[in-house]
Amino acid sequence: MRKMFLFMMVTLDGYFEGPGHDLSWHNVDAEFNDFAIPQMMEADTILFGKRTYQLMEEFWPSPAGLEGDPEVADLMNNTAKIVVSKSLKQVTETVHWKNARLISSNVAKELQKLKEQPGKDIIVLASSNLCVSLLEWGLLDEIRIMENPVAIGAGTTLFHGLKKRIKFKLVQERTFQSGNALLTYHVF
């Protein structure tokens, strides 16, 4: 069975985004990209919630995305994408943004079927509301949290809205020259 894992960047004070969806605090550099590209290559499917999907769809096919980080843009634009949303009516494809499909009903069942199909792993990028649902449905196998050495004092906490206790086991940790720390947990 394919593994479904989450990658999320957070602040030291536990926020995945600042007020107004601010992500300007993300601490990324060449070493981060050296990590992010192989991580993306572990998966052949990216799972998004609506808002994260729309942000990625806007950025990665744009000149800023294509020219600013061509290797990541190629992975983001061409890897199969699943969007979970009850309010979106359709997802679009363009020359650069390909292989997207929408799941809007029977989400837990459809994602379980996806995990049972052959292929590489499934990566969930950000999409906090979706992550909470995935945890509660028992579909996430691994959580990769990249702690950034910054406190922002306000925003949306990681797993905001979680309604039940979830246990994790720390299985790996890695530090970066930038001060970032990657903590990898298995979900129980």
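Thr-45 sits across from Ile-122 in strand S6. Strands here are DSSP runs of E with at least two residues, helices are runs of H or I with at least four, and both are numbered from the N terminus. This is a predicted model, where local features need pLDDT of at least 70 and side-chain atom pairs count only at pLDDT 80 or more, while totals for chains, interfaces and linings use all residues. Residues are numbered from 1 along each chain as its sequence is written, and side-chain values use heavy atoms, with hydrogens and water left out.

**Strand S6**
- Strand S3 (residues 43-49) runs parallel to S6, joined to it by 4 bridges; strands count as paired if DSSP finds at least two bridges between them.
- S6 also pairs with strand S1 (residues 4-11), again in the parallel sense and over 4 bridges.
- In that pairing, Leu-6 has Val-124 as its bridge partner, and Phe-7 has Leu-125.

**Strand S1**
- S1 is mostly covered too, with 8 of its 8 residues buried.
- In a regular strand, side chains alternate between the two faces of the sheet.
- Met-4, Leu-6, Met-8 and Val-10 point one way from S1, Phe-5, Phe-7, Met-9 and Thr-11 point the other way, and all are buried.
- S1 has a parallel pairing with strand S7 (residues 142-148) as well, over 7 bridges, where Met-8 stands opposite Ile-145.

**Helix H1**
- H1 (residues 30-41) has 12 residues and reaches 17 Å from its first C-alpha to its last, close to the 16 Å expected; that expected span is 1.5 Å times one less than the number of residues.
- Its N-terminal end is capped by Asp-29, with a side-chain oxygen 3.2 Å from the backbone nitrogen of Glu-31.
- Buried residues in H1 are Phe-32, Phe-35, Ala-36, Ile-37, Gln-39 and Met-40.
- Gln-39 counts as buried because its relative accessibility is 4%.
- Beyond neighbours within four places in sequence, Gln-39 is in contact (heavy atoms within 4.5 Å) with Phe-5, Phe-7, Ile-123 and Arg-144.

**Val-132 in helix H6**
- Val-132 belongs to H6 (residues 128-137), and it counts as buried because its relative accessibility is 6%.
- Setting aside neighbours within four places in sequence, Val-132 is in contact with Phe-159, His-160, Gly-161 and Leu-162.
- Lys-163 is 31 residues from Val-132 in sequence, yet their C-alpha atoms are 8.5 Å apart.

**The largest pocket**
- The largest pocket has a volume of about 1,200 Å³.
- Of its 39 lining residues, Leu-23, Thr-52, Met-56, Leu-125 and Ala-126 are the closest to its centre.
- A pocket is an open set of points on a 1 Å grid over the protein atoms alone, where a 1.4 Å probe fits and protein lies on both sides within 12 Å along at least five of seven lines; lining residues have an atom within 4 Å of a point.
- Points are joined across faces, edges and corners, and the volume is the space filled by probe spheres set on them.
- S1, strand S2 (15-17), H1, helix H2 (50-59), helix H4 (70-78) and H6 each supply at least two lining residues.
- H2 gives the most to that lining, with 6 residues.

Technical notes. Buried means under 20% relative accessible area, exposed over 50%, partly exposed in between (1.4 Å probe, protein chains only). A polar contact is a pair of N or O atoms within 3.5 Å; within protein, one must be able to donate a hydrogen and the other to accept it, and residues adjacent in sequence count only if both atoms are side-chain atoms.
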